[in-house]
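Good morning, everyone, and thank you for making time for this.

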Amino acid sequence: MILLQSPSRFLIQILMNRLQNLEKGVEMDCHSVEFDDVRYRIQFSTKEPQIMVLSMAIPAPPPETVFIGGLPLGAIEAIKLAYGGLVQILDPPKDGYNVTMKLNLSKLPTDEEKRHALLVKIASVREVVLGAPLRVVLKHLQSRTVAPDIDRLVALVHRPKESFFLLPQAEKVTVVFPMRFKDNIDTVLATSFLQEFVEARRTAGLNNAPPCLWSPSPPLELRGAPNQALTANAGFVTFVIFPRHVEGRKLDRTVWSLSSFHAYVSYHVKCSEGFMHTRMRRRVESLIEALDRAKPEVEKSKKTAHGRSFKRHA
């Protein structure tokens, strides 16, 4: 299976192109849309060629999620921690966006490896912003504690007006995804995919992976959640995250994997649908070829000078 990458290819490409001609001023104002309705706007000007203005719009949150100043809990602190003195957060952000940052590319490290790592971090701004509250919860799990000001059930936005839920505890964090799809075919494929996903977790090579469960009805962990969050036409997926899953560098991978889980499932559902369509087209083509071969050959006849036709017999 293919894992979605955290860095935006669009942002990486623009950053790499600008760094090759950083001293040369250019007027640029470009837009990009990623999965789950995350939008970017990147601006450069000839007056300040080393300054990139990056604006980001995130999915519209449902009522049960907690946003502060139009951003998820802890997003501002996460941005400052990730980019340090490289970034200046503009207040208010540009119209239609949740956050706008000025990034001074002249402050990038001179060391090639460190520079590339920071560029990848800039291109992973989606993970930094949307994954901020999840990172807070999982960092406390590293030390086997629970943040004192956090609710028993935490709702985090991951798609427009949709959320997934965390149940933080000192020894584990339970993560529940209500899985919803608009298309009926996608719903059927996703339900089958998720059931196989749970079965695959039980294979010998995945013993250390987080326990995974699927249920057609809301699990007990969602007791107390609002009614609109308890409807899911493809069921509910539950992961149990233990401290061993967030040790060291595993934390970043776990944050991204959970933040993009619905997109990951949607991607493979669409791939499966495309594969089946291709197989069906090939099958139809082979049947048509078989029918063409089964047609009897029309016997050829010749005409005389008077216009009469005759058949030659051996």
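What you see is a predicted model, and I would like to begin with its charged side chains, since 10 salt bridges are found in the structure. As a reminder, side chains of opposite charge can pair when their charged atoms come close.

Let us take R126 and D36, whose side chains form a salt bridge with an N to O distance of 3.3 Å. R126 sits in helix 4, whereas D36 belongs to the loop between strand 1 and strand 2, so this pair ties together parts that are 90 residues apart in sequence. Are these two residues buried or exposed? Both R126 and D36 are buried.

Next come E162 and R159, which meet in a salt bridge at 3.0 Å, N to O, and here again E162 and R159 are both buried. Through shared partners, salt bridges join D36, R126, R159, E162 and R180 into one network.

A further pair is E171 and R144, at 3.5 Å from N to O, where E171 is partly exposed with a relative accessible area of 47%, and R144 is also partly exposed, at 45%.

Finally, please turn to the sheet, in which 5 strands with antiparallel pairing make an open arrangement in the order 8-9-10-12-11. Strand 8 and strand 11 stand at the edges with a single partner strand each, so one side of each has no neighbour in the sheet. From one strand to the next, the twist averages 25°. Within this sheet, strand 10 and strand 12 are joined by 6 bridges, and V173 has I241 as its bridge partner in strand 12.

Conventions:
Residues are numbered from 1 along each chain as its sequence is written. This is a predicted model: local features need pLDDT of at least 70, side-chain atom pairs count only at pLDDT 80 or more; totals for chains, interfaces and linings use all residues. Side-chain values use heavy atoms; hydrogens and water are left out. Two strands pair if DSSP finds at least two bridges between them. Helices (H or I, at least four residues) and strands (E, at least two) are DSSP runs, numbered from the N terminus. Axes are lines fitted to C-alpha atoms, for helices over the stretch in contact, and angles run from 0 to 180 degrees between N-to-C directions. A salt bridge is a side-chain nitrogen of Lys or Arg within 4 Å of a carboxyl oxygen of Asp or Glu. Buried means under 20% relative accessible area, exposed over 50%, partly exposed in between (1.4 Å probe, protein chains only).
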